[in-house]
Amino acid sequence: NQPLETITWNQAIRYCNAASKALNLDTAYTFTSISSISATGLQCNLNVKAVRLPTEDEWELAAHGGKNYIYATDDGTLSCTKVNYNGPCPAPVRPAIAGSYPPNPYNLHEMTGNVAEWCWDVFSSQRPNGRVDYDASLAVGGVSMRVQRGGDFQEANTGLLQTNSRSRALPATASPLVGFRCVIPIKQ
């Protein structure tokens, strides 16, 4: 029931492939080699039925819950009863148990605050059309920065908790403030 955190982006990719296999689904990710700190030849097939990280665009659309909400809460507002964050309430010391706060209109819990969430995308400061971003040419020391969304439980800057706010980290970064959420296909 606790969100998984202190996990690298590379470990999240490996988890998604393992979860796909456990559910008898295709795997979304192929690679030449992958460890918790590096990956080579990594590719994602978004067109197969597989467990995977959401794209940045998918994450944002899910966070909005079909509404134009600023925060991913039941009504788009931010308060200590709706979000686990370092606001006017007592500062939380760890992530909340999943489902501790009201869900957004898509019935998704804790997309604002709690733990920031890894997305598939390479981070770019220039998002085409303000949305989907797959610029694989951007790299820092040969390693692409990856997108994180949602903010975390220690965040006091409410602007960084908004559904359109984005951050980035190297894929080998593990932090108790960052976890991930999977896209799981519906079997037909």
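**View 1. The cavity of the predicted model.** A search of the whole structure turns up one cavity of 30 Å³ or more. A cavity is a set of points, on a 1 Å grid over the protein atoms alone, where a 1.4 Å probe fits but cannot get out. The largest cavity holds about 30 Å³ of space, a volume being the space filled by probe spheres set on the points, with grid points joined across faces, edges and corners. Its lining residues (an atom within 4 Å of a point) include Ala-72, Lys-82, Tyr-101 and His-109. By class, the lining of the largest cavity has five nonpolar, two polar and two charged residues. This is a predicted model: local features need pLDDT of at least 70, side-chain atom pairs count only at pLDDT 80 or more, and totals for chains, interfaces and linings use all residues. Residues are numbered from 1 along each chain as its sequence is written, and side-chain values use heavy atoms, leaving out hydrogens and water.

**View 2. The largest pocket.** A pocket is an open set of points with protein on both sides within 12 Å along at least five of seven lines. The largest pocket has a volume of about 400 Å³. It is lined by 18 residues. Pro-3, Leu-4, Phe-180, Arg-181 and Cys-182 lie nearest its centre.

**View 3. Helix H2.** Helix H2 (residues 56-64) is largely enclosed by the rest of the structure, because seven of its nine residues are buried (under 20% relative accessible area, 1.4 Å probe, protein chains only). Trp-59 and His-64 are among them. Strands E5 (116-122), E6 (146-149) and E7 (166-169) are included in what covers the buried residues of H2. Helices (H or I, at least four residues) and strands (E, at least two) are DSSP runs, numbered from the N terminus. Gly-65 follows H2, with a positive phi near 65 degrees.

How values were computed. Buried means under 20% relative accessible area, exposed over 50%, partly exposed in between (1.4 Å probe, protein chains only). Contact means heavy atoms within 4.5 Å. Ala, Val, Leu, Ile, Met, Phe, Trp, Tyr, Cys and Pro count as nonpolar, Asp, Glu, Lys and Arg as charged, and the others, Gly among them, as polar.
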